[in-house]
Amino acid sequence: MTITISAFERSPDGGKGLARDTRVRWALEEVGQPYEVRLVSFQAMKEPAHLAVHPFGQIPTYEEGALALFESGAIVLHIAERHAGLLPADADARARAIGWMFAAINTIEPPILELVVARFIEGNKPWMQERLPLIADRIRTRLRQLAARLGDGAWLEGAFSAGDLMMVSVLLRLRPSGLLDEFPGLAAYVARGEARPAYRRAYAAQAAVAARP
Ligand code: GTB
């Protein structure tokens with residue numbers, strides 16, 4: 001059955017891979033599943049056809065036969081559960097890898113999103129110069145804790161898993177801020193993720209969309 005995901009017709013990042021379709025593309029590339037992409041404009045996202053698949057009018061979505069999914073975490077988990085390559089076979093290790101997926105989107109990503117919103121949406125507010133360092137420090141706390149757990153390991157739980165895929169995807173959003181570089185172990189972890197052939201293919205696919213005239 002054909003897998004179809006949705007992505008920005010014109011991503012605001014101009015093809016830097018920061019929109020959340022990249023993590024879905026990456027998961028599909030890791031497990032070797034071909035997919036098609038439905039490109040949507042900001043306007044089309046809010047129209048009934050897309051809202052029928054995504055109640056919040058966003059990307060990414062995932063459609064396969066009668067199954068329609070939204071939320072990048074749920075989509076990546078679905079892909080990882082249906083296809084070999086992103087979750088360990090051992091039940092306990094599998095549960096830990098899924099735990100890291102939740103940690104990525106529920107513990108690490110929220111303060112990173114706060115920073116993005118603060119800088120790009122609330123940047124002209126008079127209180128912003130006081131708020132930014134507070135958010136940056138909250139992020140540093142989480143990065144310090146994550147770096148301590150990762151230690152010298154290549155990945156969070158032994159072999160690369162969907163937990164790493166989500167964590168690297170979330171951390172990538174920090175790169176423009178310079179905060180990631182304060183934690184060389186995490187910067188190297190993200191670089192390892194980006195060096196994976198599946199990530200390179202996913203990145204190239206979304207960049208090709210942005211490069212269209
Ligand atoms: N929790 C949902 C998920 O994980 O799937 C969040 C989905 C979401 O935020 N989607 C965004 C969207 O559709 C795109 S990814 N926004 C349009 C809207 O809400 O109207 C977020 C994103 C957007 C742009 C950049 N960028 O340009 O760097 C990075 C990330």
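Student: Where does Glu71 sit?

Tutor: Glu71 lies in the loop between E4 and H4. Helices (H or I, at least four residues) and strands (E, at least two) are DSSP runs, numbered from the N terminus. This is a predicted model, so local features need pLDDT of at least 70 and side-chain atom pairs count only at pLDDT 80 or more, while totals for chains, interfaces and linings use all residues. Residues are numbered from 1 along each chain as its sequence is written, and side-chain values use heavy atoms, with hydrogens and water left out.

Student: Fine. What is the phi of Glu71?

Tutor: Near 80 degrees, which is positive in a residue other than glycine. Most residues other than glycine have a negative phi, and most peptide bonds are trans.

Student: On peptide bonds: is Ile59 to Pro60 cis or trans?

Tutor: Cis, with omega near 0 degrees. Pro60 is in the loop between helix H3 (48–51) and E3.

Student: Now the strands. Which strand does E3 make a hairpin with?

Tutor: E4, with two residues between them. In that turn, Gly65 has a positive phi of about 60 degrees. E3 and E4 (residues 67–70) pair antiparallel over four bridges; pairing takes at least two bridges found by DSSP.

Student: What stands opposite what there?

Tutor: Thr61 is opposite Phe70, and Glu64 is opposite Leu67.

Student: And how is E1 joined to E3?

Tutor: By three bridges, again antiparallel. E1 covers residues 3–8 and E3 covers residues 61–64. Ile5 stands opposite Tyr62 in E3.

Student: Change of topic. What are the domain bounds?

Tutor: Domain 1 is 3–85 + 198–207, and domain 2 is 91–196. Those bounds come from an automatic or database domain assignment. The centres, taken over C-alpha atoms, are separated by 21 Å.

Student: How many residues are in contact across the boundary between domain 1 and domain 2?

Tutor: 15 residues of domain 1 contact 19 residues of domain 2. Contact means heavy atoms within 4.5 Å.

Student: What area do domain 1 and domain 2 bury between them?

Tutor: About 1500 Å², with 64% of it on carbon and sulfur atoms. That is the accessible area (1.4 Å probe) that the two parts lose on being put together, summed over both. Leu18, Arg23 and Trp26 supply 37% of the area that domain 1 buries against domain 2, more than any other three residues.

Student: Which residue does Arg23 form a salt bridge with?

Tutor: Glu109, with the closest N and O atoms 3.1 Å apart. A salt bridge puts a side-chain nitrogen of Lys or Arg within 4 Å of a carboxyl oxygen of Asp or Glu. Three salt bridges are counted between domain 1 and domain 2.

Student: Which elements give two or more residues to the domain 1 side that touches domain 2?

Tutor: Helix H1 (21–30), helix H4 (72–82) and helix H9 (197–211). H4 gives the most, with six residues.

Student: How do the residues on that side divide?

Tutor: Eight nonpolar, two polar and five charged. Ala, Val, Leu, Ile, Met, Phe, Trp, Tyr, Cys and Pro count as nonpolar, Asp, Glu, Lys and Arg as charged, and the others, Gly among them, as polar.

Student: How many salt bridges does the structure hold?

Tutor: It holds 13. One of the side-chain pairs meeting in a salt bridge is Glu114 with Arg131, at 3.4 Å, N to O. The pair links distant parts of the chain, 17 residues apart. Glu114 is in helix H5 (residues 91–120) and Arg131 in helix H6 (residues 128–150).
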